[in-house]
Amino acid sequence: MVVAVSGLLAAGCSHAADSYRVVHTYPHDQQAFTQGLVYLDGHLYESTGIEGKSSLREEDLETGRILRFQEVPDKYFAEGLTDWGNTLIQLTWQSHVAFVYDRATFRFLRSFNYDGEGWGLTHDAKSLILSDGSANLRFLDPATFHVTRTIAVIDKGKPVTQLNELEYIHGEIYANIWHADRIARISPTSGQVLGWIDLTGLLPASEHSTAEAVLNGIAYDAAHSRLFVTGKLWPKIFEIEVVPAGRESSHSPHRTN
C-alpha cells in the first residue's frame with residue numbers, strides 16, 4: 001500500500017509545505033542513534049551517536065544487515081557524515097574533531113579540528129558544508145578544512161535554528177530540523193529557505209521508542225533519483241517521493257513494503 005500525506009503549512013514557515021509519498025520501506029537497526037546518512041555507488045553508510053555507542057557503518061539497504069562496522073572511541077559522540085572523493089568524513093558533537101576514513105575499508109586516515117559543535121555534514125562540488133545546531137551553515141575547504149564562508153539560514157526574515165543532518169540535492173541543501181517532522185530546502189548561495197517538506201506521520205508515534213527518536217537522516221541515490229529518510233532509533237528507513245504543495249497524490253501506485 002502506498003502511503004500519501006497531503007501538504008500542510010509547516011508551523012512557523014512562510015511556505016506551504018510539500019508532502020510525501022512512501023515508495024518503499026527498509027529495515028533499520030532500532031538501536032542506531034542516527035546522526036548521518038549517505039548513499040553512494042550502491043552503498044549505504046551511517047554515522048551513529050552517543051558516547052560509548054558511536055559508530056561508522058556500512059549497511060545493506062534491503063535487509064538492514066551491517067556489512068562493515070567501525071567503533072568510535074568511547075569519549076566521542078559521533079555526528080554528521082559525508083563522502084569526499086574516496087573518503088568518509090565523520091563529525092563529533094562537542095569534541096571539535098572530525099575523522100577521515102578510507103571509504104572502501106573504513107581505515108582511519110587522519111583527523112582535523114574545527115570550532116564549535118558538529119551536527120550535520122554534506123558537500124557540494126567544492127566545499128564541505130557543516131551545521132552546528134544554529135541557523136548558520138559553514139563551508140569548509142576539503143583540503144585544509146578551513147572555513148571559506150558562512151551563510152545564515154532565513155525564512156520569512158527569521159533565522160531557522162536547530163539545523164541538523166544535511167544532504168546536498170540538485171543544487172539545494174536539505175536539512176533536518178532537530179525535533180521537527182520537516183525538512184528545509186535551502187539555497188546554498190543566499191541561505192533563504194526555498195521550501196519545506198512536511199514528514200508528519202511518517203513513523204507512527206507507537207513506533208517511537210523514546211522522546212529522542214526523532215526524524216534525522218537524509219540520503220540521496222543520485223544514480224536512481226531515490227530519496228531516503230530515517231530517524232534516531234527508528235526501525236525503518238523510508239524511500240519517499242516528494243509531492244509538491246497543492247498537488248494531490250494521483251500518480252500510479254508505487255511498490256512499498
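Two strands pair if DSSP finds at least two bridges between them, and strands themselves are DSSP runs (E, at least two residues), numbered from the N terminus. With that in hand, welcome to the close-ups. This is a predicted model, in which local features need pLDDT of at least 70 and side-chain atom pairs count only at pLDDT 80 or more, while totals for chains, interfaces and linings use all residues. Residues are numbered from 1 along each chain as its sequence is written, and side-chain values use heavy atoms, with hydrogens and water left out.

**View 1. Strands β19 and β20 run side by side in the antiparallel sense.** Five bridges join β19 (residues 182-186) to β20. To find one of them, look for R185, whose bridge partner in β20 is G195.

**View 2. Four strands make an open sheet.** Their order is β17-β18-β19-β20, with antiparallel pairing. At the edges stand β17 (163-169) and β20 (193-198); each has a single partner strand, so one side of each is left without a neighbour in the sheet. From one strand to the next, the twist averages 25° (the axes are lines fitted to C-alpha atoms, and angles run from 0 to 180 degrees between N-to-C directions).

**View 3. β21 and β22 form a hairpin.** Four residues lie between the two strands, and S225 in the turn has a positive phi of about 55°. The antiparallel pairing of β21 with β22 (residues 226-231) spans five bridges, and A219 stands opposite F228 in β22. Seven of the seven residues of β21 (residues 215-221) are buried, so this strand is largely enclosed by the rest of the structure. Here, buried means under 20% relative accessible area, exposed over 50%, and partly exposed in between (1.4 Å probe, protein chains only).

**View 4. T34 sits in strand β3 (residues 34-40).** T34 is buried, with a relative accessible area of 0%. Its contacts (heavy atoms within 4.5 Å), not counting residues up to four places away in sequence, include N216, G217, T230 and G231. The side chain of T34 reaches the backbone oxygen of G231 at 3.4 Å.

View 5. Over residues 1-13 pLDDT stays under 50, and the model has 33 contacts beyond four places in sequence for them. Residues 249-257 are also below 50, with 21 contacts beyond near neighbours in sequence. Where pLDDT is low, the predicted coordinates should not be read in detail.

Terms used: pLDDT = per-residue confidence, 0-100. Polar contact = N/O pair within 3.5 Å; in protein donor to acceptor, adjacent residues only side chain to side chain.
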